[in-house]
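Good morning, and thank you for making time for this presentation. I would ask you to keep the sequence and the model in view while I speak.

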Amino acid sequence: MDGNKRIVVKVGSNTLTNDSGAIDRRYIASLADQLAELNKAGHEVVLVSSGAIAAGREFLGLSRRPSDMATLQASASIGQVGLIETYAAEFGRKGTTIGQVLLTRADTENEVSYGHARDTFEKLLELSAIPIVNENDTVAIDEICFGDNDTLAALVARMIRADMVVILTDVAGLYDQDPNINPDAKVVSCLTEVGEDLLAETSTGGGAQSLGSGGMRSKLQAAKVLLEADIATVLCDGRQANVIADAVEGNPQGTIICSEGFREKLELLNSRA
């Protein structure tokens, strides 16, 4: 699509980790490469990243995810340090500056905190830095229990008036049926509304439509919030090549959820390609 854009990219724990549940540093390097290139091309990029608990669990040598909240929060505290250090090293390799922003839901609901957070984002983007956002898990448990940062990504996108949110998942997008049950299931390429019937039908746990702690439902709920602000959402396989650039350029892989007007513009641009 024409012009430089303000993009929020959200990556969940399932996409950031390998089969053993440890942080996949090779993937983080690839993600940093993609976002740094967009940044250098003049786009404004914000990364909302989960993974602090997984990183903390790895550092502490825990064989499984802790079950009590205090240990979960301690793991997040320890893991956030290692996670941001990894991001700093990989973005630094590309000559790109990052900033860390830790938020709670209360920060987005309090007028004063909201204003300060928005101003910080604006200044970081003005300085061509990439803000890396996570929920402050030492004082908030929303992401730990429910949303896997999908809601946080939507709130940040609305705060900074983003053009698009790209949610990197471990499946190809939203399927019309569960592909684990029906091998003929197909990815829905575009939605222009997210109705209550769709939310009711969508899995919150297990199966190919369930991702991270929030599942596909939390992603659709975030997309519904974004639709109300006329911000497009792309759900795509985060490990496919060029998924972020393709979304920014108007040829998204996976599922795009957007207004009718955005869809018409997208179709017009693609017809000229």
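Let me begin with a convention: helices (H or I, at least four residues) and strands (E, at least two) are DSSP runs, numbered from the N terminus. The model is predicted, so local features need pLDDT of at least 70 and side-chain atom pairs count only at pLDDT 80 or more, whereas totals for chains, interfaces and linings use all residues. Residues are numbered from 1 along each chain as its sequence is written, and side-chain values use heavy atoms, with hydrogens and water left out.

A patch is made of residues with over 30% relative accessible area and no salt bridge, with like charges joined within 9 Å and nonpolar side chains (Val, Leu, Ile, Met, Phe, Trp, Tyr) within 5 Å. A salt bridge, in turn, is a side-chain nitrogen of Lys or Arg within 4 Å of a carboxyl oxygen of Asp or Glu. Lys and Arg count as positive and Asp and Glu as negative, while His and the chain ends are not counted. The place of a charge is taken as NZ of Lys, CZ of Arg, CG of Asp or CD of Glu. Accessible areas come from the Shrake-Rupley method with a 1.4 Å probe, and for residues only the protein chains shown count as cover.

Under these rules, Glu193, Glu196, Asp197, Glu201, Glu260 and Glu264 form a negative surface patch. Which helix gives the largest share of the negative patch? That helix is H9, with 3 residues. Helix H9 (196-201) and helix H12 (260-272) each supply at least two residues. Asp197 lies in H9 and, at 53% relative accessibility, counts as exposed. Here exposed means over 50% relative accessible area, buried under 20%, and partly exposed in between (1.4 Å probe, protein chains only).

Next, helix H3. Its span is residues 52-60, and its buried residues are Ala52, Ile53, Ala54, Ala55, Gly56 and Arg57. Phe59, also in H3, is exposed at 67% relative accessibility. Just after H3, Gly61 takes a positive phi of about 75°.

Because Glu58 lies in H3 and Arg25 in helix H2 (residues 25-40), the pair ties together parts that are 33 residues apart in sequence. Both ends are partly exposed, Glu58 at 34% relative accessibility and Arg25 at 41%.

The structure holds 13 salt bridges in total. Glu228 and Arg158 form one of them, with the closest N and O atoms 3.9 Å apart. This pair links distant parts of the chain, with Glu228 in helix H10 (residues 215-228) and Arg158 in helix H8 (residues 150-160), 70 residues apart. Glu228 is exposed at 60%, and Arg158 is partly exposed at 36%.

A local case is Glu126 with Lys123, whose closest N and O atoms are 3.2 Å apart. Both lie in helix H6 (residues 111-126), 3 residues apart, about one turn of the helix. An α-helix has 3.6 residues a turn, so residues three or four places apart point the same way. Glu126 is exposed at 55%, and Lys123 is partly exposed at 42%.

Finally, Arg6, Glu44, Glu122 and Arg161 are linked in a network of salt bridges.
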